[in-house]
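Dear colleague,

Please find below the structure that I am handing over to you.

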Amino acid sequence: MFIADIRKDFYEVVANQRVVLLVAPDIDALCACKILQALFHCDQIQYTLVPVTGWQDLGTAFLEHKEQIKLLIKQDDDLSVPSYDDIFRDEDEEGEDSGNESDEGSEPSGKRRRFDEGAVERRIERQRAKREWEARRREILFDYEQYEYHGTSAAMMFFELAWVLTKDTKDMLWWAIIGLTDQWVHDKITNMKYVTDIATMQRHVSRHNHRNEDEENSLSIDCMRISFEYDLRLTLYQHWSLYESIYNSCYTSCSFKLWTLNGQKKLQEFLADMGLPLKQVRQKFNSMDMSIKENLRDVIEESSNKYGMKDIRIQTFGVHFGFKNRFLASDMVHATAALLESAEKDDSETDNFIKALDALSRSNIDRLHSGIALAKKKLIAIQQTVASCICTNLILSQGPFLYCYLMEGTPDVKLFSKPMALTLLCKYLLKAFVHSTRNKRCKLLPLVMAAPKDVEKGTVIVVGIPPESETSDKKNFFGRAFEKAAESTSSRTLHDHFDTSIIELKTEDRSKFLDALITLLS
Amino acid sequence: MDASEVEFLAEKEMVKIIPNFSLDKVFLIGGDLGPFNPGLPIDVPVWLALNLKQRQKCRIIPPEWMDVEKLEEMRDLERKEDMFTPVPSPYYMELTKLLLNHASDNIPKADEIRTLVKDIWDTRIAKLRLSADSFISQQEAYAKLDNLTLMEINTIRAFLLDTLNCMYKLRSNLQ
C-alpha cells in the first residue's frame, strides 16, 4: 500500500487497533522497529512483533495472523517505485471505450458514414495510444524489476513520523541515525544520498541539543548526548587498538594492500610517519596516551593524504551517556549486525533477533559490548579470508563477472553462511581485488560469490554485487539474472531473501547455474 | 516491610507537572485529578507523573526542596547537629531516586542533587547506627527519635528487632 501522508494514512489508522509488525532481519528494519515500538508504548497501542527472514516466513506469519490483519506493515528497505498512474490504468477508461462502440451501432444510418469515419479514426487513435501505453508500461516494469536498489532508510521515515507527532526523543533520533549508517556501512546507498541524509539528521541533532542545554543548568551526565563528528573511517577504533583497527578496516587494508608483505611495511612506515610508537598503537585505544589521542584525527588525515587515502574521514554521529559510554554510529551497526547473525549453535534466529534488538537500547550496554566483541571476530575473519582469497587467486574471471567460491574447510566459513556477513565479505573482496589486480578489464566486473550454507541439506548461498566504481548508483541487477538462470537450467533454488541478489542453491546445481549465468550476462 | 513497599507508598506524594494534552476531570478512588490543560501546571501523584513522563505527555517540575543551595544548607545543618534535623520531605530518598531516574532532563544540576541527597542520607544513617548502638549497650528501655523517615526506620527495623530478641533470649538463659 502506498501512502502519501504518513501521519494521517498510517498512524491514525492503526492508533486504535491491534498491530502486527513484521520485521526484516536487517539493522535498518530493527531501528525502525524500535522507533515504532517506542511510539506504540507512548500511545499504548497493542502490537505483536514477528521477525521474518524471507518471503516464505512472511507468508506463514501472514497466514497465522490472518483473521486479525487488515493492514500490512512491513519494514524493509524501500525500492523506488514508479508512479501509480504509469502502471495501472484506470479501469473505467476501458468501459468507456466499449460503451462508445455500442453507441455507434445504434446511430441512425443517415449520419452513419460521417460518424463511421470519425469513429474509426478515433478508435485507431485510441488503439495506438493504448499500444504505446502498453509498451511504455512494459518498459517501466522491466526497469523496475531489473534493477534493485534502496531508497530512504525506514528508520529515518519513522523518525519523521515521530517528529510530526512531536513525540521524537533523542533515543529515536539515535536509532534513525543508526539506520542510516547501516545503509552506508553495507553499501546500500550512494555517497550523495548519505551526505544529504546526514545533513537532515544534523538539523534534528542541533534542534535536540539546543533544547535543554543552558550554561547554568547543565544536563546530568547520564543524559544522552548526540554529537556530529567528522571522524575516522576505521571500524571500531575506539573499542579496539588503533593498529588492529587499521589492519582490519576495509578502506585502509585495501589502500595499503595489507595482504602483501610490502603492504605491511607501508603500514609500519605510515605509523612511523605519524610519530606513533608501536607499543602505544597496539594498546587498547582507551589506554593510549592522552597526548597522542588529542590530535589523532588530524594527524592521521595528514598522513593518509600522503599515502593516497583521501577519504579517511567521514561525516557521522557519536553518542555519549554516562562517563564511560561513547559510541559511534558505525560501531553500533557492526555490533548489532554481529549479534543478529551470530553463528552460535544454540541460538535460534528469533533469539538472535531479540538480542540484537535489545542491544540497541541504552540499558543493555553489556549486550552491546558482547556484540562489539563478536564484530571484532567477524572483521578479523573477513580480513583473513580476503587475504587468503587474493593470495591464492581464488577469484576467477568468468567472462562477464568474477566468481569466488569458499570451500568448506575455510576457517570461519560458518560465519559467512549468513547473508549480511557474506555481502560484507563480498564487497571487501571486490575492493581488495580491484586494488590488487593489474588487469584493467577485470576492475569493472561485478562479483558473484558462493559459500556453503547448510552442510546437511547441501545448499550454498550465492551473492552477487555490482562492479566497484566511484560513481556507482548501487543498482543491482543480479536478482533478475539469478531468477532467469535458475529457470533456464531448472536448478533447485530458493529466492527467499528480501534482497533479491541473495539466493540459496543446491550444491550439485552450482556448475550448471554458473554456466547459465555466464551465457545470460555475456 | 520491604524497601519497594516504602517506595510504593512514596509514590502517593504530589508533584507538579505541565501536561501537553488535555483531559477532563478524572474521578479515581484515591481522589479527583483535575482537568488537564496543555501548558498549565497541575498537581498529580508521583505514580501518574512518572507514567505520563515515560509516555512523553508531560514535563515534571522538581519539588521546591530539590534545589542545590537548600540541600547544601540541610546537609551542613545535619552534620552539625547530634539529633536528627527536620527532613525536606518524608520521602526524600525515594522521590529523589524516582525523579532523577526518569526525569533527569527536567531537573537542573541533577548530578549535584544526587550527591547532596546521598550525603544527607549517609549522615542520618550514621547517627541512627550510633543511637541504636548506645541504646543496646546502655540497655535502655525507651528511646525517642524525632524526624526519622519511613525508609530510614525500615533499614534498621528488621536487624534491630532481631538483635533485641536474641539478646533477650541470651539474658533470660543466663538467669
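Which residues touch the most other members of the largest nonpolar core? They are Trp174(A), Ile177(A), Ile178(A) and Met201(A), in a core of 77 residues. A nonpolar core is a set of buried Ala, Val, Leu, Ile, Met, Phe, Trp, Tyr and Cys residues joined through side-chain atoms within 4.5 Å. Buried means under 20% relative accessible area, exposed means over 50%, and partly exposed lies in between (1.4 Å probe, protein chains only).

Please note that this is a predicted model, in which local features need pLDDT of at least 70 and side-chain atom pairs count only at pLDDT 80 or more, while totals for chains, interfaces and linings use all residues. Residues are numbered from 1 along each chain as its sequence is written, chains are lettered from A and ligands numbered from 1 in the order in which they are written, and side-chain values use heavy atoms, with hydrogens and water left out.

Helices (H or I, at least four residues) and strands (E, at least two) are DSSP runs, numbered from the N terminus. Leaving aside residues up to four places away in sequence, Trp174(A) touches Met224(A), Ile226(A), Phe317(A), Gly318(A), Val319(A), Phe327(A), Leu328(A), Ala329(A) and Met332(A); contact means heavy atoms within 4.5 Å. Another core lies apart from this one and has 41 residues, among them Val15(B), Leu33(B), Leu71(B) and Ile113(B).

The sheet of chain A

In chain A, an open sheet of 6 strands has the order E7-E8-E9-E10-E12-E11, with mixed pairing. Two strands pair if DSSP finds at least two bridges between them. Strand E7 (396-397) and strand E11 (493-494) of chain A stand at the edges with a single partner strand each, so one side of each has no neighbour in the sheet.

Is strand E10 (residues 459-465) of chain A largely enclosed or left open? All 7 of its 7 residues are buried, so E10(A) is largely enclosed by the rest of the structure. In a regular strand the side chains alternate between the two faces of the sheet. Accordingly, Thr459(A), Ile461(A), Val463(A) and Ile465(A) point one way from E10(A), while Val460(A), Val462(A) and Gly464(A) point the other way.

Strand E9 (residues 447-454) of chain A pairs with E10(A) in the antiparallel sense over 7 bridges, and Val448(A) has Gly464(A) as its bridge partner in E10(A). E9(A) and E10(A) form a hairpin with 4 residues between them, and Gly458(A) in the turn has a positive phi of about 70 degrees. E10(A) is also joined by 5 bridges to strand E12 (residues 502-506) of chain A, again in an antiparallel arrangement; here Val460(A) has Leu505(A) as its bridge partner. Helix H20 (residues 478-489) of chain A lies across E9, E10, E11 and E12 of chain A and runs at about 135 degrees to E10(A). Such angles run from 0 to 180 degrees between N-to-C directions, and axes are lines fitted to C-alpha atoms, for helices over the stretch in contact.

Chain B

Chain B has 6 helices and 5 strands, and from the N terminus its elements run α-β-β-β-β-α-β-α-α-α-α. Its radius of gyration is 20 Å, well over the 16 Å that the globule rule gives for 175 residues, so chain B is more spread out than a compact globule. The radius is taken over C-alpha atoms, and the rule is 2.2 Å times the number of residues to the power 0.38. Buried residues make up 37% of the 175 residues in chain B.

An open sheet of 3 strands in chain B has the order E4-E1-E5, with antiparallel pairing. Strand E1 (residues 14-19) of chain B is joined to E5(B) by 4 bridges, and Ile17(B) stands opposite Ile60(B) in E5(B). Helix H2 (residues 46-54) of chain B packs on this sheet and touches E1, E4 and E5 of chain B.

Cysteines

The structure holds 0 disulfides over all chains, a disulfide being a pair of cysteine sulfur atoms within 2.5 Å. The sulfur of Cys250(A) is 4.3 Å from the closest cysteine sulfur, in Cys254(A), which is too far for a bond.

Yours sincerely
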